[in-house]
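Colleague: Could you take a close look at how one part of this chain is packed, and at what its surroundings look like?

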Amino acid sequence: MSSIILIAVTLIFIIIISKPASFRNSNPEKFTQKTLEIIAKGNNEVIASFAEEILESISDIFESAKEYDVTNSPFNKRSIGALNILDILSDKYFCSILVCQAPSTTLKIIRECKKSKDHRIGYFLLQEIINQSFSNENSLLLREHSLSGLGLFEFFSKEVFEDISFINSDYTPFLGWEISEDNISEWKIQKYMDCVKKSLYLQIENESLSITKGMKNAFYKIEKIISLTTSKLSNKPNKTLRDSKHYLHLTKVTLELSKIFSHTKIILHDNPKPIKETYTIKNRSIVDITSQTAYKYLDCISRIDNNDDDIRLLLSQIWTSIFSCNNVDKKFKFHIAFEKKMQYMIKKQIISNLNLNSYRYPSMIKIMLQVYRLNISEISNNNADKLHKFTILKIKLHFKSLATININYALDMLPNDIKLDNNTLSHTDKYNNKECIELFNTAQT
């Protein structure tokens, strides 16, 4: 009999010590200390097991943390303990294991954050979860397509990036990915742009044309990617340029941005809300945020000093998506507003390029000549052709006198295959056009 009792007691003891710790039933200080010790040891298997065990405590931790946010009482040990735990869980290594090996806990944390938008509880934890989701190829976010057979297709991105109120909240999920030169790859860019497109298109479909906090953050990150990739592309040999990771990254960004510009025009074509007919930088609408990013792309690409053909290939793709419809009668409100916004900014910078006292970059003259070379096509009602004509006329009036004042400044605004000798322009036979050569050579001051 005593042996039976001993066995029973032993089993009960094993069950008790093996049962996952619960924040609700634990001393908050001891639970916090245990969490800290497990993460500090850095054992992958132990942390992965803990990441699954803590699932049942997530709701209690968030609820307790909210109590401190409401009462602001320094004597509420449970709420203070909950806040400390959320800070500890924000550890980079823990979050990398969390997003790769504990999807249920990851999604539970995201949902608790969504319920806590008014409190901003767990902000740093959510930011690190998103950062690690974009940083680790094995994360739930980046494996969504391969998990489609398990019924988890795009579950993470739907939870985070298809909730308009959440992406516009103070949790700022689009700022989560910590972009750096060493943390960019094609597949990461692809996934990030996919998430941006989901949110942008959903917002437009809900008939919201104003710039939201979420979209502002998203396009800010896209511009940062553009800046990082273009800054590494100057002065590379032709073959090295095409094979470089930075050129591949810029190619991916160019492709996805072109899709955003083109598709936004399509889904906005019958939008009943009017778009303002003013096109200054101060406008805050979908027109503004997309055109500003397009202009930032032109700004960055104008600074690349390298083979024109490779850069022109990307530039032509983005240019076509900006000025994609030749027939004005078939353009919709967004087409017209977007193109006029771009014209306003580009013309302003072209004039600035020809003024030594103004801001030098982006070199819009160089961009225009890279897109069209020196060809003067028959001018139509197309906004792009009108812009080209405007550029040619401005250069005809001012370029030669500018070259006399500062020849290096003037040369910097020309494509690399165009040379200026004794105030006379010439370029390679590959794109020879006598009519344009004469136009430039006979330019009057």
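Modeller: Helix 7 and helix 8 pass each other in a left-handed crossing (the near helix is turned anticlockwise from the far one by less than a right angle; clockwise would be right-handed). Their axes, with helix 7 spanning residues 103-115, approach within 10 Å and cross at roughly 135 degrees (lines fitted to C-alpha atoms over the stretch in contact, with angles from 0 to 180 degrees between N-to-C directions). The two helices are therefore oblique (under 35 degrees is roughly parallel, over 145 roughly antiparallel, 65 to 115 roughly perpendicular and the rest oblique). On the helix 7 side, T106, I109, I110 and C113 meet L125, L126 and I129 of helix 8 (contact is heavy atoms within 4.5 Å).

The model is a predicted one, in which local features need pLDDT of at least 70 and side-chain atom pairs pLDDT 80 or more, while totals for chains, interfaces and linings use all residues. Residues are numbered from 1 along each chain as its sequence is written, and side-chain values use heavy atoms, leaving out hydrogens and water.

The chain has nine aromatic pairs (ring centres of Phe, Tyr or the six-membered ring of Trp within 6.5 Å; planes under 30 degrees apart are stacked, over 60 edge-to-face, the rest tilted). In one of these pairs, the ring centres of F134 and W177 are 5.4 Å apart and the planes stand at 20 degrees, so the two rings are stacked. F134 belongs to helix 8 (residues 123-135), whereas W177 sits in the loop between helix 10 (164-167) and helix 11 (186-205), so the pair ties together parts 43 residues apart in sequence. F134 is buried, at 0% relative accessibility (buried is under 20% relative accessible area, exposed over 50%, partly exposed in between, with a 1.4 Å probe and protein chains only). W177 is likewise buried, at 0% relative accessible area. Ring pairs also draw F161, F174 and Y192 into a cluster with F134 and W177.

S199 lies in helix 11 and counts as buried because its relative accessibility is 0%. Apart from neighbours within four places in sequence, S199 contacts I164, I167 and M215, together with F161 and F174; F161 and F174 are members of the ring cluster.

Another helix pair can be set beside the first. The axes of helix 3 (residues 44-53) and helix 6 (residues 92-101) come within 9 Å and cross at roughly 65 degrees. These two helices are therefore roughly perpendicular, and their crossing is right-handed. Here N44, I47, A48, F50, A51 and E52 of helix 3 meet Y93, F94, I97, L98 and Q101 of helix 6.

Elsewhere, Q349 is part of helix 17 (residues 333-353) and is buried, with 8% relative accessible area. Beyond four places in sequence, Q349 touches Y295, Y359, R360, Y361, P362 and M364.

Of its 445 residues, 51% are buried. Among contacts between residues at least 6 apart in sequence, 73% join residues at least 24 apart.

Note on methods:
Helix = DSSP H or I, 4+ residues; strand = E, 2+ residues; numbered from the N terminus.
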